[in-house]
Amino acid sequence: MKKKRPSRPDKKSRDSNRDTNRNRKPRKPRKAQKADSSPEMSNRANQGKYLRDEIRLNKYIAHAGFCSRRDADEYIENGKVKINGKVVTELGTKVSTDDKIEVEGQRVSLEPFVYILLNKGKDTISTTDDEKDRNTVLDAVEDATGYRVYPVGRLDRNTMGLIILTNDGDLAHRLMHPSYQVKKTYEVESDRILTDDELTQMVNGIELEDGFIKPHQIKRSNYKPNIITITVFEGRNHLIRRMISFFGADVVRLKRIRYAGLNDKDMRIGRWRYLKQKEINDLRRLVKLDTLDFNREGA
């Protein structure tokens, strides 16, 4: 049953912990809350059967959810990784799913593939950690899921909207690779109304400092003329903000509302959910990967 959007007093009574901290010095934004309270376990697939016979050791450790590939390389170089009881320090070493892998004495094994869609809020960092101790997308979901996942690409700190988190490295790599032409749609509110001539110029393509950009589609809002939606296939840093800045305007609000066929329908800012089986396999088809065979045994 859908909940009505609560007023501020109802929200306080519903969440006593946040109410206690209400008058304290502001800190990290609250963690994102799950949009679906009872996801099916069958939307998780055993990843071991989809990996090649041999994979790089750092990839195995990352897929096991222990740490990132870069950190795994450091563990390997520092002699903290064992394969079948023997210390290995050579980067690029390959292992099979039958090998016994230990990191700092801890046995690691491949976790099931997990796929999460987060509707990121402002002031949330799209990285796995932050040296300034700011809120990250992992803070939003990791405690609740128990799985270590990684964001697919990045959104600026103050850009809201859809971002996928997963431990499916092959899917993440291809979704971010420009050759697969993954479509992204942003809703942009600027500090002034861009003229029809300016939008026409943008549609035809503009030259930014790092090269030419021609968006796939631009539409003006019927309700607020300084809001437009921009659809692009590229993922350059601060691309949308720089496109608006090209015309001497500034972005007041920016949100990614569609990504790779997924949309933010029924997902408030700060909420997240597990992707459905069809959505996962649609993503894999989009980037020319084999579809997954979901079953409870592989969950």
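## Cores and salt bridges in a predicted model

Glu-187 has a relative accessible area of 23%, so it counts as partly exposed (buried is under 20%, exposed over 50%, partly exposed in between; 1.4 Å probe, protein chains only). This is a predicted model: local features need pLDDT of at least 70, side-chain atom pairs count only at pLDDT 80 or more, and totals for chains, interfaces and linings use all residues. Residues are numbered from 1 along each chain as its sequence is written, and side-chain values use heavy atoms, leaving out hydrogens and water.

Glu-187 forms a salt bridge with Arg-253. The term means a side-chain nitrogen of Lys or Arg within 4 Å of a carboxyl oxygen of Asp or Glu. By this rule there are 17 salt bridges.

| Pair | Closest N to O distance |
|---|---|
| Glu-187 and Arg-253 | 2.9 Å |
| Glu-234 and Arg-236 | 2.7 Å |

Arg-253 is partly exposed, at 30%. Arg-157 is partly exposed at 40%, and Asp-123 at 33%. Glu-234 and Arg-236 also belong to a salt-bridge network with Glu-209, Asp-210 and Arg-242.

Now the interior. Of the 299 residues of the protein chain, 45% count as buried. The largest nonpolar core has 33 residues. Such a core is a set of buried Ala, Val, Leu, Ile, Met, Phe, Trp, Tyr and Cys residues joined through side-chain atoms within 4.5 Å. Leu-165, Val-188, Ile-230, Met-243 and Ile-244 have the most contacts inside this core. Another core, of 22 residues, lies apart from it and includes Phe-113 and Met-267.

Val-188 is in contact (heavy atoms within 4.5 Å) with residues including Ile-230, Ile-244 and Arg-253.

How values were computed: Lists of a residue's contacts leave out its neighbours within four places in sequence.
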